[in-house]
Amino acid sequence: MPETRKGPHVTSTSDSRVPACAVLTHVFQHPFMEEDATPTNAEQRRLRAALTTRATDTCMACPFFEDCLDMAVTKHDVSGFVAATTSRQRAQMRNLLRVEVTADDMDALIGVIASGRQIATRDVVALRRAHPDESLDFIAQRLGCSLSTVKRHLRRARAAAASEADASRRHSPEGPSRGRLITAFESVTGMRRGTEAAA
Ligand code: SF4
């Protein structure tokens, strides 16, 4: 995906349906963007600050920002830097908004194939989505597992998705309004929508 630049930090893609974070993986998925990363010298601290500024500016200019923030705060407890927030900041926002997010059921998401090698349901689902016209046998061969294992993981994925949707409805029938969401964002991050990151 070609990357285009807008100003010193902000990146957009030539395809407006693709968020910039999907292109800037060297920024958003850099090890220093992990919350528990511990830069050990001044150069590393400068790099981490530069990465955070770049990611923040990108998110603040992103056309998907509000939907992304809403999903990351009220629907999924994801890790990493998302919608200009760290996971700790999103937890603070949930407290302010009195929102609960159901934790992922890892038992339902992870299985074991006969060889003892662990296989994640998300890998099965990703392969299925990438090859919707291929048979389940094809997926089994790609993963090196049995057909019944593939079917079991797909059943689990459907059950987990249904359970998550149900829990989400019960915990937050309509979710906070966008106004409350943005107010909580500004309160926790010290930033205002459409402005540069706070120092
Ligand atoms: S707001 Fe969300 S979708 Fe947009 S660049 Fe940031 S993390 Fe990606």
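At what angle do the axes of helix α4 (residues 87-97) and helix α9 (residues 178-189) cross, and within what distance do they come? The axes cross at roughly 130 degrees and come within 9 Å.

This is a predicted model, in which local features need pLDDT of at least 70 and side-chain atom pairs count only at pLDDT 80 or more, while totals for chains, interfaces and linings use all residues. Residues are numbered from 1 along each chain as its sequence is written, and side-chain values use heavy atoms, with hydrogens and water left out.

Figure 1. Axes are lines fitted to C-alpha atoms, for helices over the stretch in contact, and angles run from 0 to 180 degrees between N-to-C directions. Helices (H or I, at least four residues) are DSSP runs, numbered from the N terminus. The crossing of α4 past α9 is right-handed (the near helix is turned clockwise from the far one by less than a right angle). Q89, Q92, M93, L96 and L97 of α4 make the contact with R180, L181, A184, F185, S187, V188 and T189 of α9; contact means heavy atoms within 4.5 Å. By class, seven nonpolar, four polar and one charged residues take part (Ala, Val, Leu, Ile, Met, Phe, Trp, Tyr, Cys and Pro count as nonpolar, Asp, Glu, Lys and Arg as charged, and the others, Gly among them, as polar).

**Figure 2. Packing of α3 and α4.** The axes of α3 and α4 are 9 Å apart, at an angle of about 75 degrees. Helix α3 is therefore roughly perpendicular to α4. L69, A72 and V73 of α3 contact R90, M93, R94 and L97 of α4. This contact comprises five nonpolar, no polar and two charged residues.

Figure 3. The structure holds two aromatic pairs (ring centres within 6.5 Å; planes under 30 degrees apart count as stacked, over 60 as edge-to-face and the rest as tilted). One of them, F65 with F185, is edge-to-face, at 5.2 Å centre to centre and 75 degrees between the planes. Because F65 lies in helix α3 (residues 65-75) and F185 in helix α9, the pair ties together parts 120 residues apart in sequence.

**Figure 4. Crossing of α6 and α7.** Helix α6 (residues 121-130) and helix α7 (residues 136-143) have axes that come within 10 Å and cross at roughly 130 degrees. Helix α6 is therefore oblique to α7, and the crossing is right-handed. D123, V124, L127 and R128 in α6 meet L136, I139, R142 and L143 in α7. Five nonpolar, no polar and three charged residues form this contact.

How values were computed. Helices (H or I, at least four residues) and strands (E, at least two) are DSSP runs, numbered from the N terminus. Angles under 35 degrees count as roughly parallel, over 145 as roughly antiparallel, 65 to 115 as roughly perpendicular and the rest as oblique. Rings of Phe, Tyr and Trp (its six-membered ring) pair if their centres lie within 6.5 Å; planes under 30 degrees apart count as stacked, over 60 as edge-to-face and the rest as tilted.
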